[in-house]
Amino acid sequence: MEIRVLNYFLMTAREENITRAAALLHITQPTLSRQLMQLEEELGVTLFQRGKYHITLTDEGMLLKRRAQEIVELVEKTEREFSHGEEEIAGEIALGCGETQNMTFLSERMAAFRRLYPLVSYRIYSATADEIKERIEKGLLDICLLLEPVDIGKYEFVRLPGKETWGVYALPDSPFAGKERVTAKDLLTVPLLLPWRDTVRHELAGWFGDDYEKIETAATYNLLLNAANMVRNKVGTALSFYQEHACQDLCFIPLDPPLETGAVLAWKKNQMFSEAATAFIQFIKDSVQASFTIPSKY
């Protein structure tokens, strides 16, 4: 199975039309058709349902599409890592990041690292912790910024100095808007929007205590942007940690008693990294060590 043929397959899957895909690939339609049929023969499956005007992926085709995207991305990442000479630190560092205030800490260090090594660039993938861990396991990411609680047994990591403060996002005319803090009893009176990750909900259950069984869950979410939209449209009040500038039109009220979450920067144990990624990891370790010994805004 050649990378070139996988790219042909991905283009055809995207366009759902062999003629259009062949034109974009700058090859003839018969050549593309022949390559796709040979790929099907090699795998022993039918990848496309062929119609008169367009084609669609079979279930096997959908599976190959997911795998092909991962393979092509990994190949491209590898090529980028070897695209510069050995005499300089250069190349791309792939980072996976969740929604967290600690991204400010990381961004400042990224900028400082590029001032030292201007030929380094970053590829950022933003998603939930579970999605990020899946991609780092497949080698598509070098380093990940994850919010606790998270299982990091398979990773090396540094714990970042910043703590995320939990609270609720509510409308300005909400009964909570004038409060300095909200309690578990307060939250029994409104429908809630909760993070969908089980590990996070377990943490919240511990904070609620016996009252957790009494809460009304209107929806679960994985991105605060969508949760904020639901708050604005009165689906419910969102439980989340504070994110500066994320929801400036909403009120954020911290929890009472306080609930805080830490963050870690993690990477796979015993993995070979590019020179750029290796240098960046050491740079972050040194920065984190300094931040714990020197007072900072975090």
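Over the face of which residue does Arg135 lie? Arg135 lies over the face of Tyr125, at 4.1 Å from the ring centre. A charge counts as sitting over a ring if NZ of Lys or CZ of Arg is within 6 Å of the ring centre and within 35 degrees of the ring normal.

The model is predicted, so local features need pLDDT of at least 70 and side-chain atom pairs count only at pLDDT 80 or more, while totals for chains, interfaces and linings use all residues. Residues are numbered from 1 along each chain as its sequence is written, and side-chain values use heavy atoms, with hydrogens and water left out.

The protein contains 10 helices and 13 strands. Helices (H or I, at least four residues) and strands (E, at least two) are DSSP runs, numbered from the N terminus. The C-alpha trace spans about 70 × 55 × 35 Å along its principal axes. Of the 298 residues in the protein, 46% are buried; buried means under 20% relative accessible area, exposed means over 50%, and partly exposed lies in between (1.4 Å probe, protein chains only). The protein exposes about 16000 Å², of which carbon and sulfur atoms supply 51%. Accessible areas come from the Shrake-Rupley method with a 1.4 Å probe, and for residues only the protein chains shown count as cover. Among contacts (heavy atoms within 4.5 Å) with a separation of 6 or more, 72% are between residues 24 or more positions apart.

The structure holds 10 aromatic pairs. Rings of Phe, Tyr and Trp (its six-membered ring) pair if their centres lie within 6.5 Å; planes under 30 degrees apart count as stacked, over 60 as edge-to-face and the rest as tilted. One of the pairs joins Phe113 and Phe280 in an edge-to-face arrangement, with 5.2 Å centre to centre and 80° between the planes. Phe113 belongs to helix α5 (residues 102–116) and Phe280 to helix α10 (residues 275–293), so this pair ties together parts that are 167 residues apart in sequence. Phe113 is buried, at 0% relative accessibility, and Phe280 is also buried, with a relative accessible area of 0%. Another pair, Phe208 and Tyr212, is tilted, with 6.0 Å centre to centre and 50° between the planes. Here Phe208 is buried at 4% relative accessible area, whereas Tyr212 is partly exposed at 22%. Phe113 and Phe280 also belong to one aromatic cluster with Tyr117, Tyr122 and Phe283.

A nonpolar core is a set of buried Ala, Val, Leu, Ile, Met, Phe, Trp, Tyr and Cys residues joined through side-chain atoms within 4.5 Å. The largest such core has 48 residues, of which Ile93, Leu187, Leu239, Leu255 and Phe280 touch the most other members. Helix α10 gives the largest share of this core, 8 residues. Apart from this core lies another of 21 residues, including Val5, Leu32, Phe48 and Val72. With neighbours within four places in sequence left aside, Leu187 contacts Val168, Phe176, Val182, Leu192, Trp207, Phe208, Leu239 and Leu255.

Asp186 lies in helix α7 (residues 184–187). Asp186 counts as buried, at 18% relative accessibility. Not counting residues up to four places away in sequence, Asp186 touches Phe176, Lys179 and Arg181.

Ile55 lies in strand β2 (residues 55–57) and is buried, with a relative accessible area of 6%. The C-alpha atoms of Ile55 and Ala13 are separated by 8.0 Å, although these residues are 42 residues apart along the chain. Beyond its neighbours within four places in sequence, Ile55 is in contact with Thr12, Glu16, Asn17, Ile18, Phe48, Gln49 and Arg50.

A disulfide is a covalent bond between the sulfur atoms of two cysteines. The criterion applied is a pair of cysteine sulfur atoms within 2.5 Å, and a search of the whole structure finds 0 disulfides. The sulfur of Cys97 is 8.8 Å from the closest cysteine sulfur, in Cys144, which is too far for a bond. Cys97 is buried, with a relative accessible area of 3%, and Cys144 is buried at 0%.
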